[in-house]
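Hi,

Here is the structure I promised to pass on. Have a look, and my notes on the ligand site follow below.

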Amino acid sequence: MSNTGGRRLRLGMVGGGPGAFIGAVHRIASRIDDKYELVAASLSSNPEKTRAAAAELHIARPYSSFQEMADAESKRDDGIDVVAIVTPNSTHHAIAKAFLSAGIHVICDKPMTTTLADAEDLQREVERTGLLFALTHTYTGYPMVRQMREMCAAGELGKIRMIQVEYAQDWLTAPVDNKQAEWRTDPAISGPGGCLGDIATHAFQLACYTSGLKPTEIAAELSTFVPGRRVDDNVQAMLRFEGGAKASLWTSQVAVGNENYLRLRIYGEKAGISWEQESPNYLWFSPLGEPTRRLTRGGPGTGAAAAYATRVPSGHPEGYLEAFAQLYKDMAEKITARLEGRDPNP
Ligand SMILES: NC(=O)c1ccc[n+]([C@@H]2O[C@H](COP(=O)([O-])OP(=O)(O)OC[C@H]3O[C@@H](n4cnc5c(N)ncnc54)[C@H](O)[C@@H]3O)[C@@H](O)[C@H]2O)c1
């Protein structure tokens, strides 16, 4: 890999072929801040589909397989700096390992792997190679989530007592016949978790990320409500954290009337705070004994972390794509700093 010399980072992509969901989101997100160019891809496990889709997307170097891509890109002077992995869950470990072994930084979508052993194996590979590995937990990219994390860390809530996190969807309420539902309900591809791996991972990570707390114990009940389904579609969990805080987590893909209802509430000795993903530009802050305040993205009372993740002035809504772009921006800064031999900002 060469120094950036002010150029855009060279990005590769595995997955994200025709009809795929999150690959297109990653492509948009990588371009929002103009820090990447997508130059190589293995978009599908079918080489013909990859070639056709790469031509349509103006990707210069299509590959028949991720292994061929990792091998070839690592040998080029102008090879990719980083690869985005946007394939179904069961493939993440092998693909991430191939690129790390080839000396290439990784941006991988969640869940990281489908087994603990595979996750630990990747951790060892990251430590061995010294490369960067980013997991795209989208919701951490929202400015008001960064604000929430900053306020918790600054002690504005006091000692944290309770966390309530819920993530409810309804798209799997009945059997669904599409590509995304098909692999998500097949344990051989999704892994042993259904709703657990698909969205409880987001809720769990968000609770830990914002509060800064580490869980010590978890008790969970996984349910499967749709007859014949081979993975869970509803998760209820109780968590205990270091320091005595408790959390309750509910995630469901069979909760009728909910599209992507992710909601997080944190309560401390001095204040409570609440955020909803479907109204992401607002954060509700309730100091004990005072009226509840609505903090707005880019508005008064918000700090440096939210400002760093904000692109347009307050009152102009930002959302999902910008949150995703923030993760790409964060990773671009880390990779560029590494290539330029300096510490990353901020
Ligand atoms: N961060 C988020 O908010 C978020 C949202 C949706 C999905 N995801 C995650 O992203 C991943 C993909 O989900 P999706 O909904 O986009 O799936 P999808 O089925 O829509 O797309 C998967 C793509 O990967 C391709 N693919 C499969 N095996 C491949 C291989 N060996 N080589 C190259 N391409 C291959 C498929 O052809 C397809 O184009 C999953 O791990 C999922 O959990 C994350």
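Start with Asn-89: an N or O atom in its side chain is 2.7 Å from an oxygen atom of the ligand, which I count as a polar contact (a pair of N or O atoms within 3.5 Å). On its own the ligand has 860 Å² of accessible area (Shrake-Rupley, 1.4 Å probe), and the protein covers 91% of that.

Before you read on, this is a predicted model, where local features need pLDDT of at least 70, side-chain atom pairs count only at pLDDT 80 or more, and totals for chains, interfaces and linings use all residues. Residues are numbered from 1 along each chain as its sequence is written, and side-chain values use heavy atoms, with hydrogens and water left out.

As for the shell, 29 residues surround the ligand, each with a heavy atom within 4 Å of it. Ile-22, Asn-89, Lys-110, Gln-180 and Trp-183 are the closest. By class the shell has 11 nonpolar, 13 polar and 5 charged residues, with Gly counted as polar.

Where does the largest share of the shell come from? That is H7, with 4 residues; H7 is a helix spanning 179–184, and helices here are DSSP runs (H or I) of at least four residues. Domain 1 (9–139 + 324–340) and domain 2 (140–313) each give at least three residues to the shell, the bounds coming from an automatic or database domain assignment.

Cheers

Notes: Polar contact = N/O pair within 3.5 Å; in protein donor to acceptor, adjacent residues only side chain to side chain. Helix = DSSP H or I, 4+ residues; strand = E, 2+ residues; numbered from the N terminus.
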